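Please look through the structure shown below and follow the report that comes after it. The headings mark the topics in turn.

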Amino acid sequence: MTHLVDTVLSIVLLSILLSFGSSRLPVLIRVIGFQGIVVSIVPLLIGHNLSASGIAFNLVTLLIRGIVIPLSIYLAIKKVAIRREVEPIFGQHASMLAWLGLIAAAAFIGDRFNLPAISNHVLLMPTAIALLAGGMFVLMGHRNAIAMVLGYIMMENGIYLVGTTFSTSVHHIVEFGILLDVLAGVMIMAVILQNIKQQFDGVDTSLLRTLKE
Amino acid sequence: MVEIVFLIPFLTGIVAFVLPGKGRTLLVLTGAVHLILSLMLWTGWPEPVFPAYFAVTPEGLLSLIVISLLFFLISIYTTAYLKKSNLRSENIFTGSMLLFLSTMTMVTLSDHIMVMWIAIEATTLASAPLIFTHRTATSLEATWKYVLICSVGIALALLGSVLITLAMDVGNVHVPVSFSALTNSARQLDPLWLKAGFVFILVGYGTKMGLAPMHTWLPDAHSEAPSPASALLSGVLLNCAYLGIFKTHKIMIAAGLESFSGRILMVFGLISMLAAATFILKQTEYKRLLAYSSIENMGIIAFGTGVGGLGAYGAILCLIHHSLIKSSLFLTSGNILLAFGSRLIEDTGGLVRRMPRTFIAFFCGFIGIAGLPPFGIFIGELLIVMGAFSNGHYVGAGIFIVSLCVIFAGFTNHALKISFEGYRTAVRMEEIASMVWPQYTLLLTSLFLCFWVPDILSRTITQAVTVIGGVF
């Protein structure tokens, strides 16, 4: 199982590169969905929660993080026919460089923490850090409101990976509450996106500049 | 059955969503029931049904009674406000208000670290529709900023909470993941992870509390929301976020890391005060003025908590009195907005003759929030300064006093303009009684609490700050 987990996680690291470089929203959404699926099955692969309720909970997480959340953003785009192309603030080359720096930093920092619970899986900590910081990068690197929401979801995926794999002391019911909060948050963001589109005829957040001081 | 206090507003909130037209009655009714239930919690300290997740704590009780009293008075104001300002979908407004009350109550009662996070994030979600009530382009922008900045900020607080559970794993501590249990066994927690967790929680909940430089959502949200909602946001939502920081700070102190967490709190507090001072001086809108004043007060509270000792007691006093006075000011700003139809300070003036009863509420509120006696913020700030000096934080106390003076000057300038400028030509306007006396009640409560603190209240405050060394 050790190799399987690390292989899957290395694909997640590559998917962050894809999300940095891509200028198409559907690609970004698919990347987020993929990451959502991976972070929900990794705890199962590691074997922390192999009780029946644990497996059931992981399946629900998979459903919400991997399918419901990406799908709701996708439908929000489709419904208001927003342009599918986004122009990141940072160019492709700068993003590649940022990715390299991010992976190196994540690997370096991840290496410094010796957590007994995950000592078999060298890529877990770096992936979690990379998802978190990568989400931040996507969030700050776009003026497009949808890409910003996707960056937020990527961050959330990173935090979830930290929470479920490193620590085992939180109950499922509590994790489920967190999941519901995130889901409701994304739904509300999707509603706001649609309203922004109707109000401003676009989702470029540089249109949202009246309240500045 | 402690949980019933937040379950009732939750259920009535859902009812208000699906039954349009009943919202106003439900709002007042739920407010009254909630107030009675909160008072009952004070007398009995009952056991919760789910002790793993919820607990009655002194700091929680203090926040709860403030929330309850404020909500009840605001709900009375709201019924009159709704009559005057035809909202398009009133059921969403009243429903969200009730859900907002429910989630905030849950924050005050939660003991489990993650349940606390769930409740605080839920307050963001429940209050987002309130800010978007007017459905204008600017309110949309404010809602977007609010939801995105707070969600990202609070996501960091979730990371912080996870790091604290890691501190348990590394330190081999096997207790429930609750604030009370962790405070009791704080010494065994791994200090490195605990420190990292505290920093993330402070940044995360600090975003929600309105500490600079993460405060950027706050002035927009407070000025765009309808006044009763602004009063709730400023009066009690900020306290809820503070509660998360306060409880984590308690764990840090129990772990012997108070110099680390205290210093960070003081720095964030002073930055917030300085930021508020700069923006208050050249402010053009009165609701934004009040919002920046909230940032200032959150800074004061964070500084006082960081100072510890007398300062911590002062911080709790400031917390209670800020809620009472600031929410009354926001309600009054609703009257001013309805009368003048503009949020700009330069469009107002002559309040003393135009709306004398509103003027009394406004001016007394201004005196209270500016930190003048006989209102409670004065005592709180005095205690914080005394605490800072006695603990040797001379530079911090200096910056604290200077920013207070600057803010006072800026605020006075604006308040005098709104109250007196052009009063000779002003014409008397109609004022509704139920849109004035809730403010009077709030201000009188603050005044009353300065001269006579009930025994049970002062005992509870002392209990809340004992860990921070806040004993006389």
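## Helix 6 of chain B: length and burial

In this predicted model, helix 6 of chain B has 34 residues, which at 1.5 Å a residue should span 50 Å, and this agrees with the 49 Å between its end C-alpha atoms. Helix 6 of chain B is also mostly covered, since 31 of its 34 residues are buried. Just after this helix, B:Asn172 adopts a positive phi of about 60 degrees.

## Where chain B touches chain A

How many residues of chain B are in contact with chain A? There are 31 of them, and they meet 30 residues of chain A. On the side of chain B that touches chain A, helix 5 (113–131) and helix 6 (137–170) of chain B each supply at least two residues, and helix 6 of chain B gives the most, with 19 residues. Divided by class, this side of chain B has 22 nonpolar, five polar and four charged residues.

## Helix 6 against helix 9

Within chain B, the axes of helix 6 and helix 9 (residues 217–224) come within 9 Å and cross at roughly 135 degrees. The two helices of chain B are therefore oblique to each other, and helix 6 of chain B passes helix 9 of chain B in a left-handed crossing.

From helix 6 of chain B, the residues that make this contact are B:Thr138, B:Ser139, B:Glu141, B:Ala142, B:Lys145, B:Tyr146, B:Ile149 and B:Cys150, while helix 9 of chain B contributes B:Trp217, B:Asp220, B:Ala221 and B:Glu224. By class, six residues of this contact are nonpolar, two are polar and four are charged.

Helix 4 of chain B has 20 residues and reaches 29 Å from its first C-alpha to its last, close to the 28 Å expected at 1.5 Å a residue. Because 17 of those 20 residues are buried, helix 4 of chain B is largely enclosed by the rest of the structure.

Helix 2 (residues 23–44) of chain B packs with helix 4 (residues 90–109) of chain B at an angle of about 10 degrees, their axes lying 9 Å apart, and that angle makes helix 2 of chain B roughly parallel to helix 4 of chain B. The crossing of these two helices of chain B is left-handed. Among the residues that meet are B:Leu26, B:Leu27 and B:His34 in helix 2 of chain B, and B:Met97, B:Leu98 and B:Leu101 in helix 4 of chain B. This contact has five nonpolar, six polar and two charged residues.

Definitions and conventions:
Residues are numbered from 1 along each chain as its sequence is written. Chains are lettered from A and ligands numbered from 1 in the order in which they are written. This is a predicted model: local features need pLDDT of at least 70, side-chain atom pairs count only at pLDDT 80 or more; totals for chains, interfaces and linings use all residues. Two residues are in contact if their C-beta atoms, placed from the backbone, lie within 7 Å. Helices (H or I, at least four residues) and strands (E, at least two) are DSSP runs, numbered from the N terminus. Ala, Val, Leu, Ile, Met, Phe, Trp, Tyr, Cys and Pro count as nonpolar, Asp, Glu, Lys and Arg as charged, and the others, Gly among them, as polar. Axes are lines fitted to C-alpha atoms, for helices over the stretch in contact, and angles run from 0 to 180 degrees between N-to-C directions. Angles under 35 degrees count as roughly parallel, over 145 as roughly antiparallel, 65 to 115 as roughly perpendicular and the rest as oblique. A crossing is left-handed if the near helix is turned anticlockwise from the far one by less than a right angle, and right-handed if clockwise. The expected span of a helix is 1.5 Å times one less than its number of residues. A residue is buried if 20 or more other C-beta atoms lie within 10 Å of its own, exposed if 12 or fewer, and partly exposed in between; C-beta atoms are placed from the backbone.
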